[in-house]
Amino acid sequence: MATTEHATAGHEDGNRTTTATRGAAPAGPRPYEGVWRFTAPAADGSVPHSRRAVKDLLKRQGVPIDGDTLYSVLLIVSELVTNAVRHAALLSPELAVEVAVGPEWIRVAVEDEHPYRPRALEADDDRTGGRGLLLVREISRESGGQCDVEHTASGGKVVWAALPLSAPAPLPQPGPAPQPDPVPPGLVPPPGPVPRQGPAGTRAPRVRPGPAGP
């Protein structure tokens with residue numbers, strides 16, 4: 001599949017933005033499908049910048065993403081960029097954020113040049129760092145997606161997460177037990193068994209049959 005890259009001017013802070021748009025498939029891609037990539041310095045200010053950039057991109061491309069999934073995607077972007085800034089800045093002064101959108105899914109990834117593969121995608125209660133990646137893992141699972149870490153040809157790594165564009169439908173909850181239909185006004189329910197009453201409301205004595213006559 002042919003890929004066309006368009007280099008555009010960066011923001012005032014000097015970040016470089018690169019957009020890669022997929023070529024036409026036999027059935028024709030949807031207007032919002034594509035791959036976009038931008039770079040940012042490994043600094044704290046890149047966390048909110050990357051979050052805003054991804055949000056603006058999805059809105060500009062008209063990606064049909066629901067509110068819950070959008071919130072999850074932006075939270076994942078924040079956590080992945082924060083992790084790269086905190087743990088990779090020494091060997092990777094610049095990081096790259098990539099957003100890929102398919103017909104029914106969205107994938108966000110953050111690449112840096114640090115070779116260390118984070119273990120935070122596996123639970124480890126003794127570690128104080130990497131909690132952000134644990135959160136990414138849980139968000140991905142709850143959304144019906146997945147996440148992983150891959151090494152790059154240059155010796156760095158890419159941490160990515162892919163989610164469906166729509167959040168999974170919640171499981172139906174059991175409703176209240178059905179109640180009997182009320183008796184319509186003016187109708188009297190059929191009587192049940194009523195004990196026999198004697199005079200003045202006293203219970204009539206039970207008569208036991210005696211022996212048969214001669």
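The legends below describe close-up views of a predicted model.

**View A. Helix α1 and its buried face.** Helix α1 comprises 16 residues, and its first and last C-alpha atoms lie 22 Å apart, close to the 22 Å expected at 1.5 Å a residue. Buried positions in α1 are S46, V47, H49, S50, A53, V54, L57 and L58. Viewed down the helix axis, the buried residues of α1 fall within an arc of 165° and therefore line one face of the helix. The elements covering these buried residues include β3 (34–41), α2, β4 (94–101) and β5 (105–112). R52, K59 and R60, on the other side of α1, are exposed.

View B. G62 follows α1 and has a positive phi, near 70°. G62 counts as partly exposed, because its relative accessibility is 46%, a value between the limits of 20% and 50%. Although G62 and Y32 are 30 residues apart in sequence, their C-alpha atoms are 6.0 Å apart in space.

**View C. Helix α2 and its start.** A side-chain oxygen of D66 reaches to within 3.2 Å of the backbone nitrogen of D68 at the start of α2. The 22 residues of α2 should span 32 Å at 1.5 Å a residue, and the 31 Å between its end C-alpha atoms agrees with this expectation.

**View D. S143 in the loop between α3 and β6.** S143 is located between α3 (131–142) and β6 (146–151). With a relative accessible area of 13%, S143 is buried. The side chain of S143 reaches the backbone oxygen of I139 at 2.9 Å.

How values were computed
Residues numbered from 1 in each chain as written. Predicted model: local features only at pLDDT ≥ 70, side-chain atom pairs only at ≥ 80, totals over all residues. Heavy atoms only, no water. Helix = DSSP H or I, 4+ residues; strand = E, 2+ residues; numbered from the N terminus. Buried < 20%, exposed > 50% of the residue type's maximum accessible area, 1.4 Å probe, protein only. Polar contact = N/O pair within 3.5 Å; in protein donor to acceptor, adjacent residues only side chain to side chain. Expected span 1.5 Å × (residues − 1). Arc of directions from axis to C-beta. Contact = heavy atoms within 4.5 Å.
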